[in-house]
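The report below describes a single protein chain, from selected residues to the overall fold. The sequence and structure are shown first.

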Amino acid sequence: MDTGMSPRWTSGCPLDGHQGVPWMPDLTMSPRGFPARPPRGSPATSPRVPKGVPNTRASPAARGGRAPPAPLPPPPAECPAVVPRCMWGARPYRGTPSTLTPPLPFVYIHHTHEPGAPCRTFAACTRAMRAMQRFHQDTRGWDDIGYSFVVGSDGYLYEGRGWHWVGAHTRGYNSRGYGVGYVGDYTASPPDADALALVRDAFLPCAVRTGRLRHNYTLRGHRQMGRTECPGDSLFREIETWRGFQ
């Protein structure tokens with residue numbers, strides 16, 4: 001998560017620039033930034049008025065007055081929630097990271113392949129993040145998890161190397177773009193519609209608005225940059241329809 005301060009690597013939760021406290025998701029809001037709906041079966045927010053008692057909370061129209069205009073829909077969220085490294089239990093970075101120079105011109109879409117199944121809960125997604133980091137550090141010998149950001153099917157993005165640091169996701173192009181990986185194998189079927197929309201409709205516009213990604217950015221699948229089947233046939237067909245794809 002970007003705090004607006006100069007970048008520095010930290011293993012702890014980033015601090016909110018206004019409150020000075022670790023960032024936490026607002027559980028009263030949905031991942032897309034809109035107020036969360038009450039769970040099914042929960043009591044209504046307004047108490048019921050017993051029969052025979054005048055309802056003083058009724059609308060002006062119900063009381064014979066003039067109804068106010070319908071409320072406007074909530075504005076789109078500025079940026080989707082990103083779960084920081086400290087909340088998924090990241091190990092420290094090994095060595096000294098190299099900094100990116102935004103706005104960047106490229107975004108590279110990946111699938112993780114392993115884990116092969118989508119993660120649909122916070123617990124499953126944090127386990128997947130830790131497993132990928134272990135594999136990247138211990139087996140491949142990388143400094144950290146390779147992706148800039150990872151997309152869960154629980155409705156959240158997860159911070160990998162984040163906005164500021166060069167990743168290890170697209171050989172030869174890591175300093176030119178962000179690597180965004182979907183948890184799962186998307187050879188035969190695509191990610192959930194909500195997971196696709198989270199990146200296409202929220203994350204990428206946010207990156208442009210906040211100066212991290214060029215407004216005329218190019219989006220590509222990993223397979224276009226090297227000899228790989230990533231991000232899987234099904235996900236690749238999806239991103240071919242996205243803005244910026246070339």
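Which residues does serine 153 touch, not counting residues up to four places away in sequence?

## Serine 153

In this predicted model, serine 153 touches Pro118, Cys119, Arg120, Cys125, Tyr186, Asp192 and Ala195, when residues up to four places away in sequence are not counted. Serine 153 belongs to the loop between β3 (149-151) and β4 (157-159). Its relative accessible area is 17%, so serine 153 is classed as buried, the cut-off for that class being under 20%.

## Overall organisation

The chain contains six strands and four helices. Along the sequence, these elements follow the order β-α-β-α-β-β-β-α-β-α.

Of the 246 residues in the chain, 39% are buried. Among contacts with a separation of 6 or more, 69% are between residues 24 or more positions apart. The chain exposes about 14100 Å², and carbon and sulfur atoms supply 53% of that area.

## The largest pocket

The volume of the largest pocket is about 590 Å³. Two elements give two or more residues to its lining, namely β2 (104-111) and α2 (122-139). The largest share, four residues, comes from α2.

In total, 25 residues line the largest pocket, and those nearest its centre are Arg140, Trp142, Tyr147, His169 and His222. By residue class, the lining consists of eleven polar, nine nonpolar and five charged residues.

Glutamine 224 lies in the loop between β6 (213-221) and α4 (233-239). With a relative accessible area of 33%, glutamine 224 is partly exposed, because that class covers values between 20% and 50%.

Setting aside neighbours within four places in sequence, glutamine 224 is in contact with Phe236, Phe245 and Gln246. The side chain of glutamine 224 reaches the backbone oxygen of glutamine 246 at 2.8 Å.

## Backbone features in the loops

Most residues other than glycine have a negative phi, and most peptide bonds are trans.

The bond from proline 102 to proline 103 is cis, with omega near 5°, and proline 103 is placed in the loop between α1 (85-88) and β2. The bond from cysteine 230 to proline 231 is also cis, with omega near 15°. Proline 231 is placed in the loop between β6 and α4, and glutamine 224 is found in the loop between these elements as well.

What is the phi of histidine 113, which is not a glycine? Histidine 113 has a positive phi of about 65°. This residue is situated in the loop between β2 and α2, the elements that give two or more residues to the lining of the largest pocket. At 41% relative accessibility, histidine 113 counts as partly exposed, whereas serine 153 is buried.

Technical notes:
Residues are numbered from 1 along each chain as its sequence is written. This is a predicted model: local features need pLDDT of at least 70, side-chain atom pairs count only at pLDDT 80 or more; totals for chains, interfaces and linings use all residues. Side-chain values use heavy atoms; hydrogens and water are left out. Buried means under 20% relative accessible area, exposed over 50%, partly exposed in between (1.4 Å probe, protein chains only). Contact means heavy atoms within 4.5 Å. A polar contact is a pair of N or O atoms within 3.5 Å; within protein, one must be able to donate a hydrogen and the other to accept it, and residues adjacent in sequence count only if both atoms are side-chain atoms. Accessible areas come from the Shrake-Rupley method with a 1.4 Å probe; for residues, only the protein chains shown count as cover. On a 1 Å grid over the protein atoms alone, a cavity is a set of points where a 1.4 Å probe fits but cannot get out, and a pocket is an open set with protein on both sides within 12 Å along at least five of seven lines; lining residues have an atom within 4 Å of a point. Grid points are joined across faces, edges and corners, and a volume is the space filled by probe spheres set on the points. Ala, Val, Leu, Ile, Met, Phe, Trp, Tyr, Cys and Pro count as nonpolar, Asp, Glu, Lys and Arg as charged, and the others, Gly among them, as polar.
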